[in-house]
Each structure stands twice: as structure tokens, then as C-alpha cells.
Amino acid sequence: MSPTKTEDLTPECPYCGSTETELHSAFGSEISKSQYYCRNCRTVFERIKYDGNVPDTGR
């Protein structure tokens with residue numbers, strides 16, 4: 001069974017491509033982003049939170 005939320009997945013570092021990453025902070029520069037730390041290149045990067053569900057906008 002695959003995870004349903006992006007936080008359950010191990011994000012790939014956008015700088016070196018490593019998956020040796022860990023959640024650094026639940027909130028980044030915006031509430032819609034999380035910060036991750038790459039253990040390979042020792043860089044903090046942000047990732048947009050997205051659970052795959054499209055919100056109901058009432059339209």
C-alpha cells in the first residue's frame with residue numbers, strides 16, 4: 001500500500017538528488033511548505049505540502 005500524504009514520502013533533494021532526507025520543520029517560509037534537511041549535501045530545502053486532494057471551492 002502506498003502512502004497517501006507527501007509527508008509520508010521521502011522527498012528527493014533538489015540539489016544533489018539524494019533521498020537521504022529528513023523533516024527539518026513542519027513549516028517553512030509559508031504555511032503551505034515544509035522544510036527538509038538533506039544528510040548527503042547538508043542543505044535545507046522546502047517542499048510544498050500537498051495531500052493529493054482537490055479542495056471543494058463551491059463552484
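At 44% relative accessibility, Glu-20 counts as partly exposed, a label for residues between buried (under 20% relative accessible area) and exposed (over 50%), judged with a 1.4 Å probe and protein chains only. The model is a predicted one, in which local features need pLDDT of at least 70 and side-chain atom pairs count only at pLDDT 80 or more, while totals for chains, interfaces and linings use all residues. Residues are numbered from 1 along each chain as its sequence is written, and side-chain values use heavy atoms, with hydrogens and water left out.

Side chains of opposite charge can pair when their charged atoms come close. Here a salt bridge is a side-chain nitrogen of Lys or Arg within 4 Å of a carboxyl oxygen of Asp or Glu, and the whole structure holds 4 of them. One of these joins Glu-20 to Arg-39, with 3.4 Å between the closest N and O atoms. That pair links distant parts of the chain, since Arg-39 belongs to the loop between E2 and strand E3 (44-48) and Glu-20 to the segment before E1, 19 residues apart. Arg-39 has a relative accessibility of 41%, so it counts as partly exposed. Glu-22 comes into the picture too: together with Glu-20 and Arg-39, Glu-22 is linked in a network of salt bridges.

Now for the overall layout. The chain has 0 helices and 3 strands, and its elements run β-β-β from the N terminus on. Both kinds of element are DSSP runs numbered from the N terminus, helices being H or I with at least four residues and strands being E with at least two. The 3 strands make an open sheet, ordered E1-E2-E3, with antiparallel pairing; two strands pair if DSSP finds at least two bridges between them. E1 and E3 stand at the edges with a single partner strand each, so one side of each has no neighbour in the sheet. From one strand to the next, the twist averages 40°, with axes taken as lines fitted to C-alpha atoms (for helices over the stretch in contact) and angles running from 0 to 180 degrees between N-to-C directions. Between E1 and E2 the antiparallel pairing covers 4 bridges, and Thr-21 sits opposite Cys-38 in E2.

Another set of charged residues involves Lys-33. The side chains of Glu-30 and Lys-33 meet in a salt bridge at 3.8 Å, N to O. Lys-33 also forms a salt bridge with Glu-46, and there the closest N and O atoms are 3.8 Å apart. Lys-33 is in strand E2 and Glu-46 in strand E3, so this pair ties together parts that lie 13 residues apart in sequence. Glu-46, at 33% relative accessibility, counts as partly exposed. Glu-30 sits in the loop between strand E1 (21-25) and strand E2 (33-38), and its relative accessibility of 43% makes it partly exposed as well.

Aromatic rings come next. A pair of aromatic rings is described by the distance of the centres and the angle of the planes. Rings of Phe, Tyr and Trp (its six-membered ring) pair if their centres lie within 6.5 Å; planes under 30 degrees apart are stacked, over 60 edge-to-face, and the rest tilted. The count comes to 1 aromatic pair. Tyr-36 and Phe-45 form it, stacked, at 6.0 Å centre to centre and 20° between the planes. Both Tyr-36 and Phe-45 are buried.

Two more residues deserve a look. Ser-18, in the segment before E1, counts as buried at 13% relative accessibility. Neighbours within four places in sequence aside, Ser-18 is in contact with Pro-11, Glu-12, Cys-13, Cys-38 and Asn-40, where contact means heavy atoms within 4.5 Å. Most residues other than glycine have a negative phi. Arg-42, though not a glycine, has a positive phi of about 60°. Arg-42 is in the loop between E2 and E3 and is exposed, with a relative accessible area of 65%.

Finally, some totals for the chain. Buried residues make up 15% of its 59 residues. Of the contacts with a separation of 6 or more, 30% are between residues 24 or more positions apart. The chain exposes about 4,700 Å², and carbon and sulfur atoms supply 49% of that, as computed by the Shrake-Rupley method with a 1.4 Å probe.
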